[in-house]
Amino acid sequence: MTELLTRARLNRALLARQHLLERRPGPALDVVDRLVGMQAQNAWSPYVGLWSRVEGFAPDHLAAAFWDRSVTRIAVMRGTIHLVTAADALVLPGLLAPLYAKDLRVNASHGAALRTIDLAELTAAARALVEAEPRVTTELGRLLADRWPDVATSTLAYAARGTLPLVQVPPRGVWGRSGATTWTTATAWLGPELTAAAPDLGDPAVHAAQQERLVLRYLAAFGPASVADLQTWSGLTGLREVVDRLDLVRYRAEPSPGAVRERELLDVPEGPLPDAEVAAPVRFLADYDNVLLSHADRTRIIAPEHRRRLASPNGVFPATFLLDGRVAGTWEMPRDRRARDRVTLTVRPFGALTAAQRDEVRAEAEGLAALMADEAAERPVVVVEPD
């Protein structure tokens, strides 16, 4: 009979594959590659994610990679901005293109206007503009409006982002720097040599092979997982047929509260499955960390009652911390790096902590505070609030 995996076992498997059971040696770019990118709506988010996963990580390790173009920020899975390697920036947008094409048709704010224009023509015009020189969003929309004056500039810029693999160029994303969101294509930014080496997704056989590789990479970083989990992570549908082409290990999942049937879980051969009793240290996560957003069933890492506490009217997902491998509260710290006053990292547990747990949370928080406030005039303060 197929082996049954408990939520506790799935939790430890996820933490191990995400390098949250034990920090791994660098380089940090290996972790970015292994995790198929890192969520990066906010510029600081992947720095926190890597600090929690990579031994001895320092912001300069990632900042330098932006300048030498080893990594970049681009919208990929779920239509959200990720930090990815250069190689992934040239492949993932093509694999995820159906997600963006669908959005342009049905988007509540932009879909109706976009159905009145030739998207292929707009794509060509936008490509010429951003490859001539990187453009900020407002400038791109304004220049496109010269050809489509009856369409809102914001809609035109949105269509360009939905039809082209647009990367955000530095200094955007560089630690300690700021800059307007400025776009060019991945091919223009990364150059002809790397672009020529990228897989030709126009070849159906190559496209299918890259789809299969994407599934395997997801399972290696987030598995064991279901097809629904895979589709939640990617934003794509119809991936069952891709899964069925692969030789995968299959498990049964412990039913979630209220579930009416067992779920089938898939995994790569020899995917790590630590014992459920393996100790899990306190770890701090950035807002929108993929470890919390990449499963349809998130009970392996977030209790249902705690997931409700993370919800907000505007969809903002807060920064959190893990205790015994599960979300146990949130944290925040001012992000104005120009402030010269003493800054405070505030930790808000969801429940009462034992004295030992409070000490462990504080110790990890102090390391994070030192990372986040390395330019502050005084040593940052850590406050662990009562529930």
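The model is predicted, so local features need pLDDT of at least 70 and side-chain atom pairs count only at pLDDT 80 or more, while totals for chains, interfaces and linings use all residues. Residues are numbered from 1 along each chain as its sequence is written, and side-chain values use heavy atoms, with hydrogens and water left out. Helices (H or I, at least four residues) and strands (E, at least two) are DSSP runs, numbered from the N terminus.

**Helices α7 and α11**

- The axes of α7 (residues 97–106) and α11 (residues 153–163) cross at roughly 155° and come within 9 Å; axes are lines fitted to C-alpha atoms, for helices over the stretch in contact, and angles run from 0 to 180 degrees between N-to-C directions.
- That angle makes α7 roughly antiparallel to α11 (over 145 degrees counts as roughly antiparallel, under 35 as roughly parallel, 65 to 115 as roughly perpendicular and the rest as oblique).
- From α7, Tyr 100, Asp 103 and Leu 104 meet Tyr 158, Ala 159, Gly 162 and Thr 163 of α11, where contact means heavy atoms within 4.5 Å.
- The residues of this contact divide into four nonpolar, two polar and one charged (Ala, Val, Leu, Ile, Met, Phe, Trp, Tyr, Cys and Pro count as nonpolar, Asp, Glu, Lys and Arg as charged, and the others, Gly among them, as polar).

**Aromatic pairs**

- The count comes to seven aromatic pairs; rings of Phe, Tyr and Trp (its six-membered ring) pair if their centres lie within 6.5 Å, with planes under 30 degrees apart counted as stacked, over 60 as edge-to-face and the rest as tilted.
- Tyr 47 and Trp 175 form a tilted pair, 4.7 Å centre to centre with 50° between the planes.
- Tyr 47 lies in helix α3 (residues 45–51) and Trp 175 in the loop between β6 (166–168) and β7 (182–185), so the pair ties together parts 128 residues apart in sequence.
- Tyr 47 is buried at 1% relative accessible area, and Trp 175 is buried at 11% (buried means under 20%, exposed over 50%, partly exposed in between, with a 1.4 Å probe and protein chains only).
- The rings of Phe 222 and Trp 233 are also a tilted pair, with centres 6.1 Å apart and planes at 45°.
- Ring pairs link Trp 44, Phe 284, Phe 321 and Trp 331 into a cluster.

**Helices α14 and α15**

- The axes of α14 and α15 come within 11 Å and cross at roughly 100°, and the two helices are therefore roughly perpendicular.
- Leu 214, Val 215, Tyr 218 and Phe 222 in α14 meet Asp 229, Leu 230 and Trp 233 in α15.
- This contact holds six nonpolar residues, no polar ones and one charged.
- Phe 222 and Trp 233 are both buried.
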